[in-house]
Amino acid sequence: MQQLTLTSSLNYLLKKENLWRPREKFEPFLEEIILRMHRFYYERSAIYRRVCEIENVSERAKIDDLFKVMLVDKIFKSYPTEYPEKEPEKFLSWLNKIMTKPLKVRIEPQKSLQSFLDKLSGYIWLSYSSGTTGRFSFIPRDEKTVEYCIKSYSEAAVAISGDYVRKMHFILALPKKTHLFISWIPKEVAERISGKVTILLNQVSADIVRARTKPPTCFSEKMKASLIGVLGNIMKSQLIKKLYREVKKAVEKGEEVIVFGSMPVMYAFCKKLLERGERLELPGRSIVVTGGGFKLEKGVSLEDFRRMLNEALGIPAPERHVDGYGMCECNALFYSCVEGGEKHIPPWIKPVLLDEELNPLPEHGRQTGRFAFFDPLAQSYPGFIITGDKVTINWNGCSKCSREGPVIESIERVKSEEGRGCALVLGKVLGE
Amino acid sequence: MLKGYFLPKELQDSFDTIIREVSGFEIEYLKLKEGDAEKISKFLKEERRKALSEVGISEKTMRTADKLAELWSNSNYTKRKIALEVLPELTGYPSKMIEVLSFSTLIKVRGNYLKVLKSPSVGKEVFKKFTEIPGLNVRIKGYGSFFEKIKFAKSLSSLPEVELILHICPGNIPGLVESYVMLLSLLLNAAAIIKPPTRQPVFAALFAESLSEVDGDLANLVAVVNWSRGDVIENEFYSHIDVVNVVGGEEAVRSVKEKVEEFRQKGRNIRGCYHGAKFGIEIVAKEYALPEVAELVAFDIIGYEQEMCSSPREVRVEEGGKLSPREFAEKIAEAMNWLSRIFPQSEKYRAKAKPMILKLIAEGEASDKIEVFVVNKGQGAVAYDEEKIGIFEPIYSYRVIKVKPVKNILDVSKIIKPYKEFMQTAGVAVPEARIIELAEALAQSGIVNIRVAGSVPIPEPGESWDGKLPGLEFLFDSNIQWVTVASKNLDESIKQNIEFLAELKKLNFSSSN
């Protein structure tokens, strides 16, 4: 029998129906694809191969050995320059060592990071995620990976809510043009699912995001950061005004909508409505989708937020509030199901929980460990990644719905150990 | 079953206990309730008062320190054996590391040293130049304003009395802080409450039991007690102590500072001594850019998995020596290979090192100016970096480090200056003829301890503790910054350390044969 091509294998996996098929059926197939991807990365990514050499993992390794060569997510922020736009050659040389297919491109130094990303987007789609340090993780996605990523997000979204969302109007409290992953991917997914999409902001440049997240090191940077802070607040209040206008329009028309926004934006929106004593009950099966983590005002719990959603927009949770957990490095999002609110891991990703010594934990019952994943959809960079999140997975699956596969029950950041290493705590201060 | 607490004999049956499992060991802890902290504190103070009226606590402590040192030097001593069996499991450090580093340091705390601490013969010259401390292998110099110097002299002439000191101990250097602060408190005629680290609550209790074997009266002035931050008894202890000395990470220090402030506002006159997070650096002069010195540096890197405040975060090698800085980096990695056979890195620490090694590999793959040498089985890595020469990168740990060239060792002072607030130790391989000029320069950038390469993880009696004089800081405030060079002759000390490491190397070969 002829072996399926990688593309057809991945396409076979990437279907919403597969969320209802027993995991045991998929596991050998998925593992075979992961092994093929290992050989692919080994052959093409210099960094991945070097790690394999150190760990004594050969090109013909078995699946049980691959956890040894998973890369930490920090790899994607290990580029040798603070300002990629000023030193493009250095940055591209780094990128080429990570990527599975080197870029043959020469880019002149640019005045802004955004223009550097724009220039590069003719060759590779470089999306980024920001931490609190202003040092972005850059993930290079080629055309194939971009396609798999959008398809993966879309199929899982439809699987989690239902086919009816294909007819809905998406209102996205996001910028239209951006390389920020958390803003870019929802727009692509909404366009793929329904095509009827309203995007509320025009553009947020990478330079603004950097200035907002990077701790200022000198007076001029401080001034710039505070100015951008003021502008950011203006932008946020404009965004909420636009969101109000669009939501009101939908309510008046009785149109079913999917409203997507980060939790802080949705929280601010609901708060504003409630302060004004106003309620905009979203029609029919409308859904609010949030992502990007639960980062709200001090003292506000997730329950408080959900109560506000219900009071301000008539959205009960979990039935009509979907929250997603994902990361820039991963081509899948783990959506909470509308039946029980558990975050489902789609069958095209193999999750792994690691203990303190980075050994895999058993895949049964309920386990808590460092979250890692084998993502075979990553074609242009190694997709076997260890995250900085401590996650509880219930391998028995969701108790509230009929979808198969493990679910994520809780997520927190891995804490550095206080009091052990004097300097390590300082590392945290320095944002490493 | 192991004990995670110690109480004077009379109190031993007065409190409830609870057994918890830590890393596979059953450990018995005190289960204190409201009123218990007061009971313990009052007992210790009363015993102290009695001891002071009957015998001199200070003098007895000096004699006892010698006996304790003898006990813990004896490889057949039961408590030492227990510690060597338990601590590796609890800390993740190999047993040999605890033996070679922790035990060899704690047995240095002897009567003659404590005597010097109690009555330092500090003349005016100590503020002008590095001055030898008689009887110890240390030179010291104090930096401060004229006013601070007068204030210091005045405080020294009339030392205040302290009844009870609370010591909060860190988990990164098993045994050292617990034993040291216990003896320091007694030396100052004060009773001591020791709060051991959560991860390793055993050593403080073992050492207090040793103290009890040697001198029951002194042991009546010591309690080893554990509690969680925020427990009711925490406030009770703070209501009775005069001084709190915290050694640990930023969070622990910040929390104690807040607590001290809270009690001071309530009118309690508590003093806080804070030993928080710090960085170290290793500096190699061109005269010592030699293979055998690279081995000393490797030893310093491996010590306590770089978790000590003094551990080097970066190595600077002066250009123009027999080995180039790049060659020196390679030699460090080679030495780490054989040292890792004597001090194998536990899986737990290997897992912590892995992200840092991967980060270095990614940097190295992307730049022709960075070369990475990975140690055996991923037990650390050394990166030679010619790219980021102008900056100090104190972010690596767990046997992972960068080596960078420097034109002149004096330039290091400028490079580390942005981190002045956090700097503590420089491990040096520098000729005696150049050390004072370097020490003066480094003092301007926050370095307060200068140790000889190859003995960075082994503190020397007489050294300053984060710029303070050990013990005296518990008695009065002073802004004098004390800088010490832990050698009277650098060339001689380097030679000795090379010989010490050669002996250790034999151990490697005998164990591998």
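Chain B carries 17 helices and 18 strands (DSSP runs numbered from the N terminus: H or I of at least four residues for helices, E of at least two for strands). Keep in mind that this is a predicted model, where local features need pLDDT of at least 70, side-chain atom pairs count only at pLDDT 80 or more, and totals for chains, interfaces and linings use all residues. Residues are numbered from 1 along each chain as its sequence is written, with chains lettered from A and ligands numbered from 1 in written order.

**Chain B overall**
- A compact globule of 513 residues would have a radius of gyration near 24 Å, and chain B agrees at 23 Å (taken over C-alpha atoms; the rule is 2.2 Å times the number of residues to the power 0.38).
- The C-alpha trace of chain B spans about 65 × 55 × 40 Å along its principal axes.
- Some 54% of the 513 residues of chain B are buried (20 or more other C-beta atoms within 10 Å of the residue's own, with C-beta atoms placed from the backbone).

**The largest nonpolar core**
- This core has 292 residues, and B:Ala192, B:Val222, B:Val284 and B:Ile332 touch the most other members (a core joins buried Ala, Val, Leu, Ile, Met, Phe, Trp, Tyr and Cys through C-beta atoms within 7 Å).
- Domain 1 (2-122 + 161-275) and domain 2 (279-512) of chain B both give residues to this core, so it lies between them; the bounds come from an automatic or database domain assignment.

**Chain A**
- Chain A has twelve helices and 14 strands.
- Of its 432 residues, 45% are buried.

Note on methods:
Buried ≥ 20, exposed ≤ 12 C-beta atoms within 10 Å, placed from the backbone.
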